[in-house]
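Take a moment to look over the sequence and the fold. Then follow the text from one part to the next.

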Amino acid sequence: MRLSRYFMPVLKETPAEAQIVSHRYMLRAGMIKQASAGIYSWLPLGFKVLRKIEDIVHEEQARAGHIAIQMPTLQSADLWRESGRYDDYGQEMLRMKDRHGRDMLFTPTAEELVTDIFRSHVGSYKDLPLTLYQIQWKFRDEIRPRFGVMRGREFYMKDGYNFDLTKEDALHAYNRHLVSYLRTYERMGLQAIPMRADSGPIGGDDTHEFLVLADTGESEVFYDSEITDLKFGDREIDYDSHEQCQAVLEEFTSRYARTDETHDEALFNEVPEERRRTARGIEVGQIFYFGTKYSEPMGATVADADGNRVPVHMGSHGIGVSRLLGAIIEASHDDKGIIWPEGVTPFHCGIVNLKQGDDEADAACEALYASLTALGLEPLYDDRSERAGAKFAGMDLIGLPWRITVGPRGLKNGVVELTSRRTGESEELPPEQAIERIAQIYGRASV
Ligand code: ATP
Ligand code: MG
């Protein structure tokens, strides 16, 4: 993309309404625009990152064997009356009537609808296990929407639902989700710690929340510092293997890690004092096992091997896709702007032309642009006739992890400059080598 042709309405001033850094930077970098309280339009740069996060979620769901569907945002109240949640959900549910006076609502989550799909189409234990998920806009009429996309009213969420014959199988689904979430967050450059949590309106006993440590987090968390040394990495896991998923769960949840809702001071004090940590965290996901809470009242049953109808065991699993943009920025920024992890960066690298209009500099930038594009990478080329300082400041704000700077002086010596946004370190090297380095970083074969 050429910046001169892009739409990236960068703000010079720090918006007064933004209390936390991710909200400030998202507004300043022209990623989002508030439409009304807790409701945002996604401008091109923000939308691109949202899509990258969404892509990672889809890929990791597929790897775990989960199947994507799409359910409507507007739902009839009838199903929610069957489960009893129409009355229980309270003011966070946005309710409305259609022209025939029928009660409708904007989906805050979708246990009822997915259970209805299941009971209509699945009748035998032979069709299990089954996990269906979607990535869809949700609405919760939060009493205090704030911090930009972190606590919106309309937000984008991955919600998945497992259907299993037995409790044991459903607990395997729970473990499998935990494993797949660990991998999902790490691919986004995040460490999200699974913590024992409270189940809230979804119900059920087994639940973990995934928290990203950040000072601006809304939850108070307590944990054993050893947990931050754990990395999932690129281990190969057989998601069908109960043992393997169970082993990962045990590895990542055996140390003390809880939110304030489930915190147990006595247990915490058993952790050696020098390893006890109290911090703030951002909830970026949650997994639940809730058994037959919905399948029983809604009649979601299958015939077991003896031909008896039994209610299926279920769980639900959520990832805060739009909240993740805020969480990633909270975890990765400096005083100049965002520092995107490579996995979610809106563009793979920036190209800064120090002397737009100079034949040689323009040609070198165009050549870099073409080569990177041919590798399947997306560079953002700042081809505006701006001062170098303004171009650098803009690139720093939007936080692309790599920048190639091209100027007449370097070109005389046959070099450009490759700069890491994270470390600030620069290196002079011939353009071909700069391309090779970028290709390597993103795992593309150089030509
Ligand atoms: P919270 O405790 O933050 O209100 P929750 O526990 O009610 O969230 P879940 O039902 O677990 O939310 O939803 C799954 C995920 O969706 C959460 O882990 C969070 O990342 C995200 N999420 C929930 N509410 C919001 C919101 N108002 N704005 C943005 N993301 C949200
Ligand atoms: Mg939650």
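Predicted model: local features only at pLDDT ≥ 70, side-chain atom pairs only at ≥ 80, totals over all residues.

Residues are numbered from 1 along each chain as its sequence is written, chains are lettered from A and ligands numbered from 1 in the order in which they are written, and side-chain values use heavy atoms, with hydrogens and water left out.

Start with ligand 1. How many residues surround ligand 1? There are 14, and the closest are R140, E142, R151, G152 and E283. A residue counts here if one of its heavy atoms lies within 4 Å of the molecule. Now look at polar contacts, meaning pairs of N or O atoms within 3.5 Å; within protein, one must be able to donate a hydrogen and the other to accept it, and residues adjacent in sequence count only if both atoms are side-chain atoms. A polar side-chain atom of R140 is 3.0 Å from an oxygen atom of ligand 1. R323 also places a polar side-chain atom 3.0 Å from an oxygen atom of the ligand. For E283, a side-chain N or O atom lies 2.6 Å from a ligand oxygen. Taken alone, ligand 1 exposes 580 Å², and the protein buries 84% of that. These accessible areas come from the Shrake-Rupley method with a 1.4 Å probe; for residues, only the protein chains shown count as cover.

Which elements give two or more residues to the shell around ligand 1? They are strand 8 (154–164) and strand 13 (276–291). Strand 13 gives the largest share, four residues. Helices (H or I, at least four residues) and strands (E, at least two) are DSSP runs, numbered from the N terminus.

Next come the sheets. Strands of a sheet pair through backbone hydrogen bonds, either parallel or antiparallel. Two strands are taken as paired if DSSP finds at least two bridges between them. One open sheet has three strands in the order 4-6-5, with antiparallel pairing. Why is one side of strand 4 (74–76) and of strand 5 (94–97) left without a neighbour in the sheet? Both stand at the edges, each with a single partner strand, so one side of each has no neighbour there. From one strand to the next, the twist averages 35°. Such angles run from 0 to 180 degrees between N-to-C directions, with axes as lines fitted to C-alpha atoms, for helices over the stretch in contact. Strand 4 and strand 6 (residues 103–106) run antiparallel and are joined by three bridges. Find Q75: its bridge partner in strand 6 is L105.

Another open sheet has five strands in the order 20-19-21-22-23, with mixed pairing. Strand 20 (379–382) and strand 23 (426–429) are its edge strands, and each pairs on one side only. Here the twist averages 20° from one strand to the next. Four bridges link strand 21 (residues 402–406) with strand 22 (residues 416–420), and the two run antiparallel. W402 stands opposite S420 in strand 22.

Now find D358. This residue is in the loop between strand 19 (349–353) and helix 11 (359–374). Its side chain reaches the backbone nitrogen of A361 at 2.8 Å. A polar atom of the D358 side chain also lies 3.2 Å from the backbone nitrogen of E360. D358 and P408 are 50 residues apart in sequence, yet 7.6 Å apart in space, C-alpha to C-alpha.

Finish with the backbone. Most residues other than glycine have a negative phi, and most peptide bonds are trans. L128 and P129 are joined by a cis peptide bond, with omega about 0°. P129 lies in the loop between helix 5 (111–121) and strand 7 (130–139). F147 has a positive phi, near 60°. F147 sits in the loop between strand 7 and strand 8.
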